[in-house]
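Thanks for passing this one over.

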Amino acid sequence: MVTIDEQSGFCFGVVTAIRKAEEELGSAHSLYCLGEIVHNGEEVDRLSRMGLQTITHEEYDHLPHGAKVLIRAHGEPPATYQKAAEAGLNLIDTSCPVVRHLQQKILKTYEEHRDAQIVIFGKRGHAEVIGLQGQTDNRAIVVETVSDLDRVDFGRDIYLFSQTTKSEDAFRVLIDEMSGRLQAGTHFEWYDTICKQVRTRVQHLREFAGAQDKVVFVGGRNSSNGKVLYQHCVAVNADSIYIGGPDELDAAYIASCKGKRVGVCGATSTPRWLMEACAAKIASGEDAG
């Protein structure tokens with residue numbers, strides 16, 4: 001039996017961005033997206049066929065006056081908006097409200113505590129993190145693991161934030177480690193800025209994965225959220241695999257699913273139709289048997 005996790009798939013921020021892109025593509029002659037609209041190649045390809053053109057920041061700098069550009073849910077740094085104003089670009093901003101609130105919080109903290117260190121728990125180079133760093137004139141320190149903490153001066157005040165899709169458990173470990181390294185008199189504040197939808201999804205996903213014989217996690221190779229959620233699946237069900245789409249399900253694996261409870265789930269960047277395609281391929285193998 002194949003079951004698709006009802007709570008897996010696009011988060012509300014991604015749903016909004018894709019819906020807006022589809023609306024614009026239905027009426028616009030051209031629409032650009034600054035970076036991949038979502039970390040899922042299959043969905044990017046689908047929207048590309050509808051006319052969405054994914055561009056880099058370098059290409060963004062050379063767009064014609066009046067061009068329509070979609071800002072994806074990950075958000076952008078202030079420099080992106082400044083460039084649009086200077087070049088006369090028409091921005092369609094679909095930044096996730098959770099990300100936008102975090103940007104505003106970091107900016108306010110940076111402006112009020114210029115002598116302190118802003119530390120961001122996140123993935124270096126990730127689109128959301130780039131937007132967050134931009135609120136601090138790129139002075140924020142990004143740490144991915146405890147091993148990166150040697151870049152932090154524990155004798156200076158510290159304000160810690162988290163990328164919205166990071167692991168809550170890993171964030172707690174980081175907070176404890178930083179608290180233990182503080183020098184006397186150093187002020188340390190941390191803010192729980194992990195998206196509540198991501199947080200509640202973790203517990204549900206662990207319960208879902210634990211109730212299956214086998215788990216098929218569908219996600220983009222560049223999805224940070226996908227990598228985090230997949231590890232939660234593995235933690236409760238060792239018979240879990242990570243795939244990008246149905247083409248990665250070979251005959252041998254499908255045969256191994258016969259008579260088993262197979263759960264199909266995915267990241268916040270995984271479209272429902274892609275999980276359905278994977279489930280259908282597994283089910284077709286069971287029917288053939």
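1. Overall burial. Of the 289 residues of the protein, 51% count as buried. Please keep in mind that this is a predicted model. As for where the contacts come from, residues 24 or more positions apart account for 71% of those with a separation of 6 or more.

2. Composition and dimensions. The secondary structure comes to 11 helices and 12 strands. The radius of gyration is 21 Å, close to the 19 Å that the globule rule gives for 289 residues, so the protein is as compact as a globular protein of that length. Along the principal axes, the C-alpha atoms fill a box of roughly 65 × 55 × 25 Å.

3. Strand 10 is joined to strand 12 by 5 bridges, and the two run parallel; here Lys214 stands opposite Val262 of strand 12. Strand 10 is also joined to strand 11, again in parallel, by 4 bridges, and Val218 has Ile243 of strand 11 as its bridge partner. Between strand 1 and strand 12 there are 3 bridges, also in a parallel arrangement, with Ile4 partnered by Val264 in strand 12.

4. How is strand 10 covered on its two faces? Side chains in a regular strand alternate between the two faces of the sheet. In strand 10, Lys214, Val216 and Val218 lie on one side, Val215 and Phe217 lie on the other, and all are buried.

5. Helix 9 in detail. The buried residues of helix 9 (residues 224-236) are Ser224, Asn225, Gly226, Val228, Leu229, Tyr230, His232 and Cys233. What do these buried residues pack against? Their partners are helix 7 (168-181), helix 8 (196-210), strand 10 (214-218), strand 11 (240-243) and strand 12 (262-266).

6. Another open sheet of 4 strands has the order 7-6-8-9, and its pairing is parallel. Strand 7 (141-143) and strand 9 (188-190) are the edge strands, each pairing on one side only. The twist here averages 25° from one strand to the next. Strand 8 (residues 158-162) and strand 9 run parallel and are joined by 3 bridges, and Tyr159 has Glu189 of strand 9 as its bridge partner.

7. Helix 7. This helix lies across strand 6 (117-121), strand 7, strand 8 and strand 9, and it runs at about 170° to strand 8. Helix 7 is also one of the elements that the buried residues of helix 9 pack against.

8. Helix 1. With 14 residues, helix 1 (residues 12-25) reaches 20 Å from its first C-alpha to its last, close to the 20 Å expected at 1.5 Å a residue. Its buried residues are Gly13, Val14, Ala17, Ile18, Ala21, Glu24 and Leu25. Seen down the helix axis, the buried residues fall within an arc of 125°, so they line one face of helix 1. What covers them includes strand 2 (31-34), helix 2 (41-50), strand 3 (52-55), strand 4 (68-71) and strand 5 (90-93).

9. Backbone angles to look at. Asp137 has a phi near 55°, a positive value in a residue other than glycine, and is found in the loop between helix 6 (127-134) and strand 7. Asn138 lies in the loop between helix 6 and strand 7 as well, with a phi near 65°, again positive in a residue other than glycine. Is Asn138 buried or exposed? Asn138 is exposed, with a relative accessible area of 55%.

Technical notes: Residues are numbered from 1 along each chain as its sequence is written. This is a predicted model: local features need pLDDT of at least 70, side-chain atom pairs count only at pLDDT 80 or more; totals for chains, interfaces and linings use all residues. Side-chain values use heavy atoms; hydrogens and water are left out. Buried means under 20% relative accessible area, exposed over 50%, partly exposed in between (1.4 Å probe, protein chains only). Contact means heavy atoms within 4.5 Å. Two strands pair if DSSP finds at least two bridges between them. Axes are lines fitted to C-alpha atoms, for helices over the stretch in contact, and angles run from 0 to 180 degrees between N-to-C directions. The expected span of a helix is 1.5 Å times one less than its number of residues. The arc is that of the directions from the helix axis to the C-beta atoms. The radius of gyration is taken over C-alpha atoms; the globule rule is 2.2 Å times the number of residues to the power 0.38.
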